[in-house]
Amino acid sequence: MGCPVPGAGEARENRLSGLGGLSGIAVGVGTGAVASLARHAGLRPPWWLGGLATGALAMTATDLPMARLGVSDPAGWSVTDWVSDAVPHLLYGLATYGALLHAAGE
């Protein structure tokens, strides 16, 4: 992002790992907020479709910046890599959308 991460060796790797975790939290909260705003605006797909869409949004919000920043290249990922990326995002999407439905009493 144009800001160097200070340190060397293990200290720098730990800082980068921490930043990765924080960015994951930010993506999760932001995706949940977008899904909530979409429901508030009247977009109410069935639970399975809303969960898939929420998971796909979270995956896109994670993978695109990672590719653009040169952290990883999804184009070179194996099928196993894609599955290990897609399954947690899908489960996140289903859980998040399910929580939105539960909060709305549906």
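Analyst: Welcome! On a 1 Å grid over the protein atoms alone, a pocket is an open set of points with protein on both sides within 12 Å along at least five of seven lines, and its lining residues have an atom within 4 Å of a point. This is a predicted model, where local features need pLDDT of at least 70 and side-chain atom pairs count only at pLDDT 80 or more, while totals for chains, interfaces and linings use all residues. Residues are numbered from 1 along each chain as its sequence is written, and side-chain values use heavy atoms, with hydrogens and water left out.

User: Which elements give two or more residues to the lining of the second largest pocket?

Analyst: That lining includes Val34, Ala35, Arg39, Leu57 and Tyr97. Helices here are DSSP runs (H or I, at least four residues), numbered from the N terminus. Two or more lining residues come from each of α1 (9-40) and α2 (47-68).

User: How far does α1 reach from its first C-alpha to its last?

Analyst: Helix α1 has 32 residues.

User: Is Arg39 buried or exposed?

Analyst: Arg39 sits in helix α1. Buried means under 20% relative accessible area and exposed over 50%, with partly exposed in between (1.4 Å probe, protein chains only). At 6%, Arg39 is therefore buried.

User: With which side chain does the side chain of Arg39 make a polar contact?

Analyst: Leaving aside neighbours within four places in sequence, Arg39 is in contact (heavy atoms within 4.5 Å) with residues including Arg44, Tyr97 and Glu106. A polar contact is a pair of N or O atoms within 3.5 Å; within protein, one must be able to donate a hydrogen and the other to accept it, and residues adjacent in sequence count only if both atoms are side-chain atoms. At 3.1 Å, the partner of the Arg39 side chain is that of Tyr97.

How values were computed: 1 Å grid on protein atoms, 1.4 Å probe; cavity = no way out; pocket = protein on both sides within 12 Å on 5 of 7 lines; lining within 4 Å. Expected span 1.5 Å × (residues − 1).
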